[in-house]
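Here's a quick briefing to read with the model open beside you. Take a look at the coordinates first, then work through the notes.

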Amino acid sequence: MPSTGYWRVQASITYYHTSATGDSFAFALRHSTDSGSSYNHFATIGGRLDGSLPALVKVNWVVAGTFKVANASTSRLIVYGVDIRTDARIMGGTQTGTDSGYCTSMHIEKMANL
């Protein structure tokens, strides 16, 4: 992050499958205070597709949260995606997987100074 303070992040994920199948998944916003050595979730969303949707139906999910940046030089932010299927995709054709850093769109704004 460019400066210390409280930052609000909103990320959207457009998620789909290449075949008709059920699935459980989760997406989280994660923040690191040690240059990416470890991360903590500060916002999470998840869902379940029951397999009744046909292939290639796009579903949009939004996750949002606020986190504190005490040291801008060691602060890192990622979108964390956990999926149990190998045929799932994030809009644009990117294959999902554990600890992916993908989202469809993201908005970041500073809410307050420290």
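This is a predicted model: local features need pLDDT of at least 70, side-chain atom pairs count only at pLDDT 80 or more; totals for chains, interfaces and linings use all residues.

Residues are numbered from 1 along each chain as its sequence is written, and side-chain values use heavy atoms, with hydrogens and water left out.

**Overall fold**

- The protein has eight strands and zero helices, where helices (H or I, at least four residues) and strands (E, at least two) are DSSP runs numbered from the N terminus.
- Read from the N terminus, the order of elements is β-β-β-β-β-β-β-β.
- Of the 114 residues, 35% count as buried; buried means under 20% relative accessible area, exposed means over 50%, and partly exposed is in between (1.4 Å probe, protein chains only).
- Take the contacts (heavy atoms within 4.5 Å) between residues at least 6 apart in sequence: 72% of them join residues at least 24 apart.
- The accessible surface comes to about 6,000 Å², and carbon and sulfur atoms own 49% of it. Areas come from the Shrake-Rupley method with a 1.4 Å probe, and for residues only the protein chains shown count as cover.

**Aromatic pairs**

- How many aromatic pairs does a search of the whole structure find? It finds two. Rings of Phe, Tyr and Trp (its six-membered ring) pair if their centres lie within 6.5 Å; planes under 30 degrees apart count as stacked, over 60 as edge-to-face and the rest as tilted.
- Tyr-15 and Phe-27 make an edge-to-face pair, 5.8 Å centre to centre with 80° between the planes. Tyr-15 sits in strand E1 and Phe-27 in strand E2, so this pair ties together parts that are twelve residues apart in sequence.
- Tyr-15 is buried at 0% relative accessibility, and Phe-27 is buried too, at 5%.
- Phe-42 and Phe-67 form a tilted pair, with 4.8 Å between centres and 40° between planes. Phe-42 belongs to strand E3 (residues 40-50) and Phe-67 to strand E4 (residues 59-69), so parts that are 25 residues apart in sequence get tied together.
- Phe-42 is partly exposed at 22% relative accessibility, whereas Phe-67 is buried at 5%.

- Is Ser-32 buried or exposed? Ser-32 is buried, with a relative accessible area of 0%, and its place is in strand E2 (residues 22-32).
- The Ser-32 side chain reaches the backbone oxygen of Ser-38 at 2.9 Å.
- Leaving aside residues up to four places away in sequence, Ser-32 touches Ser-37, Ser-38, Tyr-39, Thr-74, Ser-75 and Arg-76.
- Arg-30 is also in strand E2, and it is buried, with a relative accessible area of 15%. Its side chain reaches the backbone oxygen of Tyr-39 at 3.4 Å.

**Surface patch**

- Tyr-6, Met-111 and Leu-114 make a nonpolar surface patch of about 300 Å². Patch residues have over 30% relative accessible area and no salt bridge; like charges are joined within 9 Å, and nonpolar side chains (Val, Leu, Ile, Met, Phe, Trp, Tyr) within 5 Å. A salt bridge here is a side-chain nitrogen of Lys or Arg within 4 Å of a carboxyl oxygen of Asp or Glu.
- Tyr-6 lies in strand E1 (residues 5-17) and is partly exposed, with a relative accessible area of 34%.

Note on methods: A polar contact is a pair of N or O atoms within 3.5 Å; within protein, one must be able to donate a hydrogen and the other to accept it, and residues adjacent in sequence count only if both atoms are side-chain atoms.
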